[in-house]
Each structure stands twice: as C-alpha cells, then as structure tokens.
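Dear colleague,

Please find below the structure I wished to hand over to you. My notes on its helices follow.

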Amino acid sequence: MATQQTPTISAPPAGSSAPAAGAAAPPPASVVPRGTLYAALGVLSFSFSFPGTAWALDGFGPWSAIGVRGVLAAVIAAAALLVTRAPLPTRADWPALAVVAGGCAIGFPLLTTLALQTSSTANSAIVIGALPMATAAFSAVLTRRRPSKVFWAAALTGGATVIAFTLSQSHGKPTVADLYLFGALVVCAAGYAFGGRLSAHMPGWRVIAWGVVLAAPVNLVLSLWALPHEPVHFTAKALVGMAYIAAVSQFGGFVVWYKGMGLIGVARASQLQLAQPLLTLVWAVLLLGEEIGAAVPLTAAIVLACIVVTQRARTS
C-alpha cells in the first residue's frame with residue numbers, strides 16, 4: 001500500500017513578506033497606472049475644448065453653440081444608458097449629479113463660450129489653469145480635510161497671479177470675459193469634485209451621462225430659442241468643432257476623466273491637469289494661429305508651480 005505523503009509548504013524567501021491569514025489582498029499593481037492613463041486621456045481631451053469651441057463659433061452663435069452641444073451630448077449619453085440598461089441612481093446620488101449637471105453640462109460650457117467671444121484661447125487657458133487648485137479646495141471641503149498652511153499659501157499665490165495676469169491684460173480692470181472665466185472656474189471645480197466623489201462607487205461614464213441628461217431640458221430650451229435668432233453657417237470648421245465639443249468635451253472626455261478620478265482619487269487626478277493649460281496654448285498656436293505674449297508662458301509657469309505645491313502639501 002502506498003504511503004500517503006503530507007505536502008510540504010515551503011517558506012517564503014528571506015526578506016519577503018507574506019500576507020497574514022485573512023488579510024485582504026493588495027489591489028492589483030495595474031490599478032494606479034490604469035487610473036492615471038484614464039485621467040491623462042481626459043486632460044488631453046479637455047485641452048482641445050477651447051479650440052473646438054472657437055471653431056464651433058465660426059458657424060454657430062454663442063447661445064446656439066451652448067445649447068446644441070448640450071443636446072447632442074445628451075442624445076449620446078441617453079443612448080448609452082438605454083443600451084446598457086443602466087439602473088437609475090439612488091436618491092442620495094441625485095444632489096451630487098445636479099452639481100455635475102449645473103457645473104459641467106451647463107455652467108462651464110455657457111460661461112466659457114461667452115468668454116471666448118472676446119477673450120483669446122491662450123488667455124482663457126491661463127485663467128482656467130487654476131482649476132486644479134479650485135478642485136482640490138472643493139475636494140478638501142467634501143472630505144472634511146483641513147489643508148495645511150502651505151496649501152493655502154500656494155493656492156492664494158496662484159490665485160493672485162491669475163488675477164494679476166487678467167488685470168494686466170485688461171489695463172487694470174477685469175473684463176466681462178474675465179468674470180465669465182472665473183465663474184466657469186468655480187462651477188467646473190464643483191462639478192469635478194462632486195463627480196469624482198460619485199465615481200468612487202458609480203461607473204464614471206454613468207456619472208457624466210446622468211449629468212448631461214439631467215441638463216438636457218435646459219439645453220433643449222436654449223437651443224429652440226437661440227437657433228431661430230442667431231445666424232447658422234454649416235462650415236466644415238464649425239461642424240468639426242461642434243462635433244468635438246459635444247461628443248468629447250461634453251461627454252467622452254468626462255467618461256475617462258471620472259473613471260480616472262474614481263481609481264486614483266480627485267486630488268491625484270487633478271494634478272494631471274497641470275499639463276492642460278500648456279497643451280491648450282500649443283493648440284491655440286497650431287490650430288488657431290494665435291500669438292502668445294511673454295506674460296502668458298510666465299504666468300502659466302508660476303501657476304503650475306503653485307499647483308504642484310498644493311497637490312503635494314499634506315493636510316493636517
């Protein structure tokens with residue numbers, strides 16, 4: 001009769017650590033790079049938004065551009081929700097989705113489109129370059145963390161730099177476009193922070209899908225009012241710009257952006273936005289032929305340095 005041998009368990013190599021019995025397995029190593037990749041794709045997508053809006057304004061009036069982009073994005077989002085049979089959000093999620101709708105699907109497109117009528121893409125990108133700081137501030141409030149003095153010192157320095165830049169470009173008095181951009185900065189940061197928080201337990205694409213669907217009635221009414229009152233010219237540039245800001249800036253870019261924030265967190269994802277103003281400056285030169293003065297890259301460098309500090313500062 002064969003002798004039954006007890007299997008031996010080899011000890012782990014010296015210097016290695018084995019997980020304790022019952023301990024949860026660590027997350028796969030690929031989660032962080034994947035989340036970073038999604039967030040980076042979102043930043044790249046958003047960096048084309050201002051040039052895309054400028055192209056759309058080549059054939060659409062400002063109010064028409066705002067409404068039509070929102071309606072088209074809502075059609076795409078609603079189709080995705082229906083095809084996937086996505087469940088309705090819980091009652092507790094609707095207030096945050098309303099902030100996403102108001103900030104990212106109505107407020108930001110509205111205010112930036114109105115600003116781009118009189119402000120260049122390059123100057124607008126510098127003002128919106130403070131978005132990571134504003135997003136981090138909203139996130140700190142939502143998570144009830146107390147940012148350190150270093151955080152607030154850097155945030156205030158960056159904000160003061162942006163204000164000084166805008167005043168220098170408008171001879172000491174803020175323009176209406178500047179006020180639009182600062183308003184867009186605030187509402188978009190709120191939408192990012194609330195949407196990123198939702199993405200921790202809801203797929204990121206559903207967050208923005210429900211957001212744009214929730215905003216659809218407002219954008220539909222705006223479109224029906226604006227289209228008969230504003231001239232529309234279906235130029236190739238206008239159609240390409242409209243297609244981009246509706247399908248990518250208003251929906252697709254947010255899909256990967258919120259997914260990235262859900263994987264690596266709002267603060268870490270917003271740090272990737274350091275590159276967005278610089279990318280937009282490049283597209284402004286290459287796609288729109290804009291000329292950039294010396295104050296633009298200098299201001300961008302100072303603001304980016306302040307944002308790096310705010311992202312790395314520890315909370316107390």
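**Helix packing and helix geometry**

Helices H2 and H5 are oblique to each other. This reading concerns a predicted model. The axes of H2 (residues 49-56) and H5 (residues 121-128) cross at roughly 140° and come within 10 Å; since angles over 145 degrees would count as roughly antiparallel, the pair is therefore classed as oblique. The crossing of these two helices is right-handed. Five of the residues in the contact of H2 with H5 are nonpolar and two are polar, with no charged residue.

H2 also packs against helix H12 (residues 276-288), at an angle of about 35° and with the axes 9 Å apart. Here H2 contributes Phe 50, Pro 51, Ala 54 and Trp 55, while H12 contributes Thr 280, Trp 283, Leu 287 and Leu 288. The contact of H2 with H12 comprises seven nonpolar residues and one polar residue, and again no charged one.

Turning to helix H4, this element covers residues 94-115, which is 22 residues. At 1.5 Å a residue H4 should span 32 Å, and because its end C-alpha atoms lie 30 Å apart, the two values agree.

With kind regards

Methods
Residues are numbered from 1 along each chain as its sequence is written. This is a predicted model: local features need pLDDT of at least 70, side-chain atom pairs count only at pLDDT 80 or more; totals for chains, interfaces and linings use all residues. Side-chain values use heavy atoms; hydrogens and water are left out. Helices (H or I, at least four residues) and strands (E, at least two) are DSSP runs, numbered from the N terminus. The expected span of a helix is 1.5 Å times one less than its number of residues. Axes are lines fitted to C-alpha atoms, for helices over the stretch in contact, and angles run from 0 to 180 degrees between N-to-C directions. Angles under 35 degrees count as roughly parallel, over 145 as roughly antiparallel, 65 to 115 as roughly perpendicular and the rest as oblique. A crossing is left-handed if the near helix is turned anticlockwise from the far one by less than a right angle, and right-handed if clockwise. Ala, Val, Leu, Ile, Met, Phe, Trp, Tyr, Cys and Pro count as nonpolar, Asp, Glu, Lys and Arg as charged, and the others, Gly among them, as polar. Contact means heavy atoms within 4.5 Å.
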